Amino acid sequence: MNNHVQNHSYLFRCIPIEMPLQHIVECQFTMEPNQFPNRSVDAFGNHVLSGYISQAHCFLDFSVRGITERDNSKEKTDWMPCYCYPSPMTKPDDSLWEFYRLCKNETAGIDDVRTIAARWMHLLSERMQYVKDSTNVETTAAKAFAAGQCVCQDYTHIFLTLLRMK
C-alpha cells in the first residue's frame with residue numbers, strides 16, 4: 001500500500017507573536033521535507049507559514065523552537081476559556097471517551113506532558129489510517145474516529161478532542 005501523498009498544500013499558524021505578555025527573543029521554524037514556506041500575517045496578527053509540496057512524501061514534520069520573555073504582571077484573568085471546551089468539530093462521543101481512558105491508562109505515572117502528548121499521538125496514529133479524501137471539512141472528530149480513516153485535519157481534531165477531555 002502506498003502511503004505517500006503529493007501535491008500537498010500546507011498552512012501553519014504556530015509561530016508565537018509579540019504581545020503585551022510576551023516578547024519573542026528568538027524563534028526558529030524547521031520542517032521536513034525541507035521547504036521554505038511563504039510567510040505572511042493574517043487578519044488577527046498571527047504569523048502564517050504556507051506552501052505546497054508537489055513531490056511524493058510519506059511524512060510532514062515541523063518544529064518551532066525559541067525563547068520568549070514573559071511579563072505575567074500584564075496577564076488578564078479573563079482570557080478566552082472557549083479554547084478549553086469542545087467545538088462542534090471536536091465534541092467527543094462514547095468511543096472517543098473510551099479511547100481517552102485507554103490513553104490515560106497507557107500514560108499513568110508519567111509526569112512530563114510532552115511525553116504524554118507524544119504517547120497519545122502515537123496511540124492515535126496506530127488506531128487511525130491516513131486515507132486521502134476519506135473525509136471532508138464537515139467531518140467531525142467522532143465520525144473520523146469511528147471510521148478509522150482520516151486526513152491530517154482529522155488527526156488534529158481528534159487530538160484536540162483528547163487534550164480537552166478531563
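Start by selecting M128: leaving out residues up to four places away in sequence, M128 touches A144, F145, G148, Q149, C150, Y155 and I158, where contact means heavy atoms within 4.5 Å. Its place is the loop between α2 and β6 (129-130); helices (H or I, at least four residues) and strands (E, at least two) are DSSP runs, numbered from the N terminus. With a relative accessible area of 5%, M128 is buried (buried is under 20%, exposed over 50%, partly exposed in between, with a 1.4 Å probe and protein chains only).

A quick note before moving on: this is a predicted model, in which local features need pLDDT of at least 70, side-chain atom pairs count only at pLDDT 80 or more, and totals for chains, interfaces and linings use all residues. Residues are numbered from 1 along each chain as its sequence is written, and side-chain values use heavy atoms, with hydrogens and water left out.

Next, select F99, W120, L124, M128, F145, I158 and L162, the residues with the most contacts inside the largest nonpolar core, which has 19 residues. Such a core is a set of buried Ala, Val, Leu, Ile, Met, Phe, Trp, Tyr and Cys residues joined through side-chain atoms within 4.5 Å. Colour α1 (94-106), α2 (113-127), α3 (141-147) and α4 (152-164), the elements that each give it two or more residues. Apart from this core lies another, of seven residues, including F12, I15, F29 and I53.

Last stop: M19, in the loop between β1 (8-15) and β2 (22-32). Is M19 buried or partly exposed? Partly exposed, at 39% relative accessible area.
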